[in-house]
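Me: I am new to this structure and would like to go through some of its details step by step. Please show it to me before I ask anything.

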Amino acid sequence: MFRRSRQRLLRGAVGAVTALACLTVPTAAADARDRACTPKQLFVSPQGDDRANGTIGHPWKTIEHARDVIRQRHLNRDMRCDLDVQVRAGDYEVDSTIQFTEADSGSNGHSVVYRSYDGPGKARFLGARQITGWQHYKGDIYRVQTDKNHPFYTLYDNGQRATTARYPNRTSTETLGPYLQSVESSDDALTNSQQWMAYKDGDWNQNWDLHDAQVVVWSGGHWSWFTDTDPVLNVNWKKKFVSLRYPTRFSLYSQVGSRYFIQNSLDFLDEPGEYYLDHSDGMLYYWPKNGSIENSTVMAPTVKTVFSIAGSSSSARVHDLSLDGLTVQYTDFTDWYRYGWNGVGDSGYVHKYPDYDRQIEMPRNQYGTVTLTNTTRVGLRRLHIADTGWTGVFLLFANDHDTVSDSLFENLGGDGVKIEGPYPGEGDVANHNVLTNNYISWIGELVPGDASGYEILDSGHNELSHTVIQHSARYAVSVKAITTVANADNYAGGNALSYLRIAHAGKDSGDMGAIDSYGVQNFEPHTIEASMSQILIDDVNADPSMPDVVPSGVHMDAGGCGYKFSDIQATNIQYRQPFHGNTNCNTFENNSWDANFDSSKMEYDKIGVTAGFPYPIPAAAQGH
């Protein structure tokens with residue numbers, strides 16, 4: 001048996017090398033004819049075998065094995081044509097993150113491409129495992145034992161996110177409310193606290209089991225800028241306040257109470273589509289969304305990131321590598337979430353602008369379903385990214401000349417695409433990326449505060465174009481740095497936004513706009529170097545419970561300068577006018593808030609995704 005297996009393995013390796021022999025050239029002087037050769041193909045299939053030879057008739061089973069063969073046999077060196085790893089239709093369950101490094105890059109301007117062979121979306125990479133073995137618990141609730149050493153923080157049923165059992169219950173899938181609201185305490189120790197929250201008498205029940213409970217709160221009282229997900233440490237029933245395990249972003253009472261709800265207690269599991277996970281023993285309880293556990297395919301996430309494309313440093317980047325047409329679905333969230341550090345210098349590292357600590361994700365939250373770090377000329381094309389715990393695509397730190405295009409994003413725990421450069425003044429290494437022809441809907445399902453379809457942090461000269469973005473509790477597009485940064489140290493300028501169709505943003509937050517900019521050009525002289533043009537914005541209206549300044553269409557906050565605004569039409573905006581911000585450091589031409597707006601200059605047929613978009617438009621989005 002061992003001999004036959006060894007012979008089969010050798011035949012597979014020889015076959016792979018033979019099939020790819022044309023990829024190597026004896027010298028670097030490959031002529032134009034060689035560079036135009038037909039890409040060579042290797043094949044992967046859920047029914048394959050990693051001991052096979054990677055041909056269409058004898059495919060490998062895993063994308064990791066294809067990567068390893070290419071890397072170990074140096075098949076991506078001295079390339080004279082692209083190398084296509086053709087991934088056949090079917091489901092690929094991912095138990096650990098699939099990682100690509102600079103060793104997996106293409107060469108000579110040619111790319112290594114991992115492509116869905118049977119069409120966009122057909123090869124599905126699932127960062128989850130199916131939960132089976134359900135037993136009836138009581139009423140309509142079922143339960144099953146899971147591994148308590150591998151907890152998870154979101155759940156999916158038949159391709160839809162289940163709701164963590166909560167109080168009070170949501171009134172619809174389109175809103176996060178209703179909320180409870182913190183109150184001012186007579187105890188001075190609770191004044192301006194970020195960890196102690198006083199509650200209204202009767203809102204909390206001493207009989208609840210709260211040993212795994214969390215509070216999801218718009219901290220800051222009258223501010224509605226960020227949400228924190230924070231485990232409950234204990235409750236003082238006599239004094240009527242809750243102790244949270246970690247400090248929230250802002251104080252829990254400021255002028256008015258902070259809106260919040262409580263989640264993850266068996267006592268809250270009282271309607272279809274809700275679940276509760278007991279982290280102490282791993283027991284999972286679920287009331288099936290459709291009422292039948294037999295007809296439910298329940299998936300528990302196994303990873304936060306399905307694909308990591310990461311060079312070892314900014315000078316050793318992954319390059320000329322692409323993912324094309326893959327579905328990437330189901331990823332996990334985290335046990336607690338807060339946006340950024342609470343104070344200047346809290347990161348513990350010395351920076352030229354230490355206040356930027358408050359503007360970026362903490363390291364524990366710097367991940368996406370697909371995460372890029374230290375890359376250039378990487379392509380993410382025709383992807384379908386759905387049902388994520390956090391951000392869909394996260395370009396973290398040194399990434400330039402990458403492309404995210406022709407992709408469908410839906411039901412996202414956090415942002416759609418996030419580009420986060422390094423600290424201001426410490427190297428302009430995140431720029432000239434292209435985000436185009438993408439459809440992004442239902443953003444920030446787990447992190448409504450700061451959710452955005454496209455979020456650009458301290459990164460400039462990116463193109464954001466031909467995109468539909470809709471259903472966000474906060475932003476559709478945000479471009480930010482911080483207000484203390486000198487113009488010479490600010491890398492957030494020069495971004496170009498065009499042909500965007502935006503709807504249903506700002507649904508639960510305030511003092512913001514569907515398109516929002518902050519700290520990108522802070523000091524005179526102001527130079528017009530960024531642009532927004534041919535953009536439609538509709539329905540920017542917050543939940544009535546939102547206590548802050550109502551949202552606008554375009555919001556240029558402090559340092560929101562250096563833009564040319566042209567041919568932007570905003571309708572159904574809650575703020576008194578569609579534009580809110582400084583009109584002296586920007587220029588304007590033919591916008592709906594300008595006098596003598598001429599709608600005939602709007603190129604309506606070109607706004608949004610193009611006719612060649614590879615996926616059906618989601619049914620709920622028709623007409624937007």
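Me: Which residue in β11 is the bridge partner of Asp157?

Reply: This is a predicted model, in which local features need pLDDT of at least 70, side-chain atom pairs count only at pLDDT 80 or more, and totals for chains, interfaces and linings use all residues. Residues are numbered from 1 along each chain as its sequence is written, and side-chain values use heavy atoms, with hydrogens and water left out. Strands are DSSP runs (E, at least two residues) numbered from the N terminus, and β10, residues 156–157, is joined to the antiparallel β11 by two bridges. Within β11, the bridge partner of Asp157 is Gln160.

Me: What is the handedness of the disulfide of Cys561 and Cys585?

Reply: A disulfide is a pair of cysteine sulfur atoms within 2.5 Å, and Cys561 and Cys585 are joined with an S to S distance of 2.1 Å. Because the torsion about their S-S bond is about -65°, the disulfide is left-handed.

Me: Is Cys585 buried or exposed?

Reply: Buried means under 20% relative accessible area and exposed over 50%, with partly exposed in between (1.4 Å probe, protein chains only). Cys37, at 24% relative accessibility, counts as partly exposed, whereas Cys561, at 7%, counts as buried. Cys585 has 5% relative accessibility and therefore counts as buried.

Methods. Two strands pair if DSSP finds at least two bridges between them. Helices (H or I, at least four residues) and strands (E, at least two) are DSSP runs, numbered from the N terminus.
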